[in-house]
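Here is a friendly set of notes to read alongside the model. Please take the points in order and keep the viewer open as you go.

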Amino acid sequence: MEFFSPTDLLGSSPILALGLFSLIALLVNAFLKNSAGMVFYVSAVGIFVAIGCSIYTFPMNATAFSDMLLVGGYASFFSVLFLVIALFSMFIAKPYLEREQYHYGEYYVLILLATIGMVMLASSADLITAFLGIEMMSVSFYVLAGYFRGKLSSNESALKYFLLGAFATGFLLYGIALIYGTTGTTNLLRIVTMYPQPFNDPLHIIGWGLILIGFGFKVAAVPFHMWVPDVYEGAPTPVTAFMSTGGKAAAFSVFLMTFSVPMSMRDERLMTVLAVLAAASMLLGNWFGLSQTNLKRMLAYSSIAHAGYMIIGIASATPMGQQGIAFYLVSYALTNLGAFGIIAMMEKENGGNLNYEDYAGLGKRKPALAALLAMFMFSLTGIPPFAGFIGKYYLFASAVQSHMTWLAIFGVITSLFSTYYYLRIIVYMYFKEATNHEEIKLPGLTFATVILCGAGIVLFGIVPSLIFDLMKSIF
Amino acid sequence: MTFEQGVFYSLAGVTVFSAVMMLLQRNPVNSALFLILNFFCLGGLYLTLNAQFIALVHILVYAGAIMVLFLFVIMLLNLGDDKRLTEHLGMRMYLGIAFSVGLLVELLYMFGFNTPSSYTQLSPASAEMGTVEFIGKVLFTKFLFPFEITSFLLLVAIIGAVLLAKKKIVQ
């Protein structure tokens, strides 16, 4: 009997490469003393190999392991995105962890394993692989959030995330069970061929509702957002950078893929539910963002608001909305990685230097750093020529295309709120006198990563067709 | 009475007996032991239904893993004080009664008033699905990928537990 074919192995090669290198890294960590630096290099090599595999499989348009995994196109695009995010977050983490004297090899192993989960999410053609991917990513995140074991805030963050995350997983699993019960399969490709017949069954609709709750939690949409501020604030800054970009992108990739099944019907009820979810996230995220004084917390609320913008793309159920989400995820990932990279460099021991006041006068003390942070804030606000503007434009335009003009108007108005708290940091940096004259050290690796992120958002902001041309072959 | 019926009635009798005894015991450890007996008898009932895999997993997971957890909790929490426990019940007791009555009505409806034709005959195909052989075949063919990747999920959990519990704290 044949268990699998060479195509299956080739199709899952990014996952296999990551798995292999995470095991090598784990063994290096176990058998060599003081090997954290070595583990870092092994993990980085593993990520490069996986990027190579993803790019190689891009032209394939197939499934692997009896329709469990998607290969090429959509899966490859998102895999490369997650892998780049993982690599950048490792570059931010290394100097930060060395400074905090918490530099252990397990950190990188967990990053690799979380990335396996993310790649599985983007490639899942079956609800079972989607569930396993979500669990692998989330369990790694729970541990990473509590990585600073001696710090109370880190413990709190991990425990809160773990308890609420396990609860949300229950909803997701129950939803999958109901969909399996009403259709007899967990395979998305097979479920989509049955439409619209399953929609006559209330249990089927409840199943999708429960799955929506599970995904809503993972992408941090209102009203499932309660965990975000505390978890993002308490977790070590490089971990927050990884969670808020990679975790969100992975959750959106599976959200988009899974919901393209019921949304292929353009069901009015589901579109309305998603639109309300998007509107609530944009409103509450931006509203609470106004009153924050801590930068990590402010970015946590901003992350809720951005989840709202991206859900517009799913609610509109048009190819334009889907492309908008994919583009937005790229720009949001680069912007947030850059911003958190700067925060990681500015941060002092025991969570000092995280407030707006601590950034006063940065424009004179470190002009390059201040200019980069200003760029990231402009991109988050959605001001051209940065990538954030193009992403927002596509998402709002998709809402108008789908006759949900009210949602687009609502999005623009709530974006106006957000201008206040994004631009406030720029006011502090350039128009206030410095109160703190301690020297700021800029570790080369982190600074180079931040510059790369800045270059990325300018490049994609001016030439968005670089990404949109790729996406024409995906959606 | 055939042999099968004899096995069924004796298992069912012990199941009900152990369930009732679990509720009546004053000592929580004895309750837990009766629960284990109950799980074993339920496992036996699954076996008579030709669901070997569920029977084995039921005993391994419930009687093995979950009961150990129960016993640990009972021993660590030191639930000696009955009075304080009953004080907290109140509202919850009535909810519990309401749920049990609801379940009883549901069962009576299923077995008493509904036509039992669809439940009497077990189709050979569905009976075969419960065997270890069938599940093993599916796990290593159709579900090969999720099955293998689950080992990585367990690896994450192990690394996480060791990292959070064992690493030295740097002050």
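At what angle do helix α6 (residues 127-145) and helix α7 (residues 152-183) of chain A pack, and how far apart are their axes? Please bear in mind throughout that this is a predicted model.

1. **A helix pair in chain A.** Helices α6(A) and α7(A) pack at about 170°, and their axes are 9 Å apart. An angle over 145° counts as roughly antiparallel, so α6(A) is roughly antiparallel to α7(A). On the α6(A) side the meeting residues include Leu127(A), Phe131(A), Ile134(A) and Phe141(A). Their counterparts in α7(A) include Tyr161(A), Phe162(A), Leu172(A), Leu173(A) and Ile176(A). Sorted by class, the residues of this contact are 14 nonpolar, four polar and one charged. Glu135(A) is among those on the α6(A) side, while Ser154(A), Ser157(A) and Thr169(A) are among those in α7(A).

2. **A second pair to look at.** Further along chain A, helix α11 (residues 237-263) packs with helix α12 (residues 268-289) at an angle of about 145°, the axes being 10 Å apart. From α11(A), Phe255(A), Phe259(A), Pro262(A) and Met263(A) take part, and they meet Leu270(A), Met271(A) and Leu274(A) of α12(A). This contact has seven nonpolar residues, with no polar and no charged ones.

3. **Where the chains meet.** Next, turn to the interface. Chain A brings 35 residues to the contact and chain B brings 24 residues. Together the two chains bury about 2700 Å², and 81% of that area comes from carbon and sulfur atoms. Which residues of chain B lose the most area to chain A? They are Phe145(B), Val156(B) and Leu164(B), which together give 23% of what the chain B side buries.

4. **Polar and charged features of the interface.** No salt bridges are counted between chain B and chain A. Two residue pairs are in polar contact across the interface, both at pLDDT 80 or more. Helix α9 (residues 144-166) of chain B supplies the largest share of the side that touches chain A, with 16 residues. By class, that side of chain B has 17 nonpolar, three polar and four charged residues.

5. **Salt bridges elsewhere.** Over all chains, the whole structure has 12 salt bridges. One example to find is Lys94(A) with Glu98(A), whose closest N and O atoms are 3.5 Å apart. Both residues sit in helix α4 (residues 74-99) of chain A, and they are four residues apart, about one turn of the helix.

6. **Backbone details worth a look.** Finally, Phe65(A) is not a glycine, yet its phi is positive, about 55°. Look for Phe65(A) in the loop between β1 (62-64) and β2 (69-71) of chain A.

Note on methods. Residues numbered from 1 in each chain as written. Chains lettered and ligands numbered in written order. Predicted model: local features only at pLDDT ≥ 70, side-chain atom pairs only at ≥ 80, totals over all residues. Heavy atoms only, no water. Contact = heavy atoms within 4.5 Å. Buried area = accessible area lost by both parts, 1.4 Å probe. Salt bridge = Lys/Arg side-chain N within 4 Å of Asp/Glu carboxyl O. Polar contact = N/O pair within 3.5 Å; in protein donor to acceptor, adjacent residues only side chain to side chain. Helix = DSSP H or I, 4+ residues; strand = E, 2+ residues; numbered from the N terminus. Nonpolar A, V, L, I, M, F, W, Y, C, P; charged D, E, K, R; others polar. Axes fitted to C-alpha atoms, helices over the stretch in contact; angles between N-to-C directions. Parallel < 35°, antiparallel > 145°, perpendicular 65-115°, else oblique.
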